[in-house]
Amino acid sequence: MKKESEPDKKDAAPDRTVLGAERSLAILSAFIDAPEPFGLTELEARTGLFKSVIHRYMMSFIKAGYVVQRADNSYQLGPRAYQLGKAFEARFDYADFIMPTLEKLVRETGESTAFYIRQQEQRLCLYAAETPASVKATVKAGSLFPIDQTSSAQVLRFFSVPGNAARSGGRYVCISVGINNPLSSSMSAPVFGPGNALVGSLTIFGLTLRFDPAASGAMRATLLQMAQELSTRLGASPQVYQAPSADIFDEAAAQAALAAQAAQSTQATVGDG
């Protein structure tokens, strides 16, 4: 019996190590989207771990410089965490994350794909992947286009505004048909990164004669799912997409609603004098 119990102990050791790593990551990850320092009570709520457990881990984090304890006993990320982030930033290559997503989209949808970022009042095609179809719509990486009414431009214009991701009503997929070319259509979804800031627009585009974004609910769902997965890999919180659906986002209606809210807020502030 003794010999049989010893392997059990050896088998259990790796599990304890993994559990400790998962707890460490859960505690440190709780700081990522925190607007300000907080204490053990909020850490307990954010991680689901007991305060007594968190406190033991925090002692190690503080000693290593990953966490700093303030005079009011609240905690914030320390200089070592900053150094780790800068090391990641220095070696980070968007292509390593975005290109595989574009290529996967091509395989699953049969259409061309592109990733756009905003450059002031223009949109830059940062990366692109072409469909193998003999007749296709194409765009070259490095091409500059205006911020117009195409689906990618709608995404870059609306979701680049802080807080607008939460104002979309759960709709994140924009579509366009024949804006710059009467023969092409597209659908786009926002991709977020660190701090839940917009990184760019993930886009599928193709020939209108075979590609109808309004009727392609399954394709919109695929695009949105991959945008969410890419955002998480780029450092965004999964919660940046609130109750996401594959329904079409109407940017014009959303902008009008925001303008109406702003007007009401101004009237309420002015009062009756």
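Predicted model: local features only at pLDDT ≥ 70, side-chain atom pairs only at ≥ 80, totals over all residues.

Reader: How many helices and strands are in the protein chain?

Author: The protein chain has eight helices and nine strands.

Reader: And what share of the residues is buried?

Author: Of the 273 residues in the protein chain, 38% are buried. The chain exposes about 15500 Å², and carbon and sulfur atoms supply 55% of that area.

Reader: Which share of the contacts joins residues at least 24 apart?

Author: The figure is 57%, taken among contacts between residues at least 6 apart in sequence.

Reader: Let us turn to helix packing. At what angle do H5 and H7 pack?

Author: Helix H5, residues 94–109, and helix H7, residues 217–234, pack at an angle of about 165°. Their axes are 11 Å apart.

Reader: Why are they called roughly antiparallel and not oblique?

Author: Angles over 145 degrees count as roughly antiparallel, so H5 and H7 are roughly antiparallel to each other.

Reader: Is the crossing of H5 and H7 left-handed or right-handed?

Author: The crossing of H5 and H7 is right-handed.

Reader: Which residues make the contact?

Author: H5 contributes Tyr94, Phe97, Ile98, Thr101, Lys104, Leu105, Glu108 and Thr109. From H7 come Met219, Thr222, Leu223, Met226, Leu230, Arg233 and Leu234.

Reader: How do the residues of that contact divide into nonpolar, polar and charged?

Author: Nine residues of the contact of H5 with H7 are nonpolar, three are polar and three are charged.

Reader: Now for glycine 235. Where is its place?

Author: Glycine 235 lies in the loop between H7 and strand S9, which covers 245–248.

Reader: Does glycine 235 count as buried or partly exposed?

Author: Glycine 235 has 33% relative accessibility, so this residue counts as partly exposed.

Reader: What is glycine 235 in contact with, leaving aside its neighbours within four places in sequence?

Author: Glycine 235 is in contact with Gly193 and Pro194.

Reader: Why is serine 24 classed as buried?

Author: Buried means under 20% relative accessible area, and serine 24 is buried because its value is 18%. Leaving aside neighbours within four places in sequence, serine 24 is in contact with Tyr57 and Phe61.

Note on methods:
Residues numbered from 1 in each chain as written. Heavy atoms only, no water. Axes fitted to C-alpha atoms, helices over the stretch in contact; angles between N-to-C directions. Helix = DSSP H or I, 4+ residues; strand = E, 2+ residues; numbered from the N terminus. Parallel < 35°, antiparallel > 145°, perpendicular 65-115°, else oblique. Left-handed = near helix turned anticlockwise from the far one by under 90°. Contact = heavy atoms within 4.5 Å. Nonpolar A, V, L, I, M, F, W, Y, C, P; charged D, E, K, R; others polar. Buried < 20%, exposed > 50% of the residue type's maximum accessible area, 1.4 Å probe, protein only. Areas by Shrake-Rupley, 256 points an atom, 1.4 Å probe, with all protein chains shown as cover.
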